[in-house]
Amino acid sequence: MINMILIKKILKKVRLFIFNEYREKMLSAYIANQILLLIDSKTKNVKILDYGSGMEPIVANLIYKKLINKLPTKKIDIDCYDFYSDSNKIKLKSKYPYLNFSDFSKFNNNNSTYDFSLVLDVLHHVDITKISKIDKIIQSLVNKCKIILIKDHIEKNIITRMALILMDFIGNFYNNVKIPSKYFNKETYNNLISRNKLIEIKRITNKFYYKKYWLLFSYPELHFISILKINE
């Protein structure tokens, strides 16, 4: 137990030293820019759902700051959902006062609707082989949101899969997040879209989330942002 705690502390320091929130800064900029392109100019209140925002919702906080800076006359609300205890919510609210925090157990009872739903590097941790579970999440979002923005990974072969697993291990193991053994490929992700009767407005695959000298980690085609809407 002591050794595992030590390993997690070391990993957290290694992650901070190597990445220094570079991924969070880049991802939040890409997502915020897409939201700005999609926002109805007439709307006064932009409501965003961040599904699986994690114990360090840095990306959601940066998105809020970028949006409020560009849209000072609008009200920006971001509701973050994850496995939050009451003590988690109190701590997070004191650190991120502009975000709202709720536990997943309250999600289905939330009658709010949103302009955008963010699912940022979440689905592969759920386990993409559990199709019914993934679809249940997507359908719950469809019932609440106009547009869904998914950021996730695409594996191309065993080498890229191993690189993604290592990336996830460094980035998430210290937070007790389940490390996946498999990721989407183009076919399995397209199947997700088709099964859930969604239309993909745009797929972005040419962005860097890590500095180029981080070699395979930085390879843009391992990452994608997919912007989806309901097929009405």
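Predicted model: local features only at pLDDT ≥ 70, side-chain atom pairs only at ≥ 80, totals over all residues.

Reply: Residues are numbered from 1 along each chain as its sequence is written, and side-chain values use heavy atoms, with hydrogens and water left out.

Me: Which strands pair with strand E7?

Reply: Helices (H or I, at least four residues) and strands (E, at least two) are DSSP runs numbered from the N terminus. Two strands pair if DSSP finds at least two bridges between them. Here, E7 (residues 223–230) pairs in the antiparallel sense with E5 (residues 145–153) over 7 bridges, and with E6 (residues 198–204) over 6 bridges in the antiparallel sense. Ile147 stands opposite Lys229 of E7, and Leu198 stands opposite Ile230 of E7.

Me: Is strand E7 mostly covered or uncovered?

Reply: A residue is buried under 20% relative accessible area, exposed over 50%, and partly exposed in between (1.4 Å probe, protein chains only). Strand E7 is mostly covered, 6 of its 8 residues being buried.

Me: How many salt bridges does the structure hold?

Reply: A salt bridge is a side-chain nitrogen of Lys or Arg within 4 Å of a carboxyl oxygen of Asp or Glu. The structure holds 10. One of them joins Asp115 and Lys146, with the closest N and O atoms 3.7 Å apart. This pair links distant parts of the chain, since Asp115 lies in strand E4 (residues 114–120) and Lys146 in strand E5, 31 residues apart. Asp115 is buried at 17% relative accessibility, whereas Lys146 is exposed at 57%.
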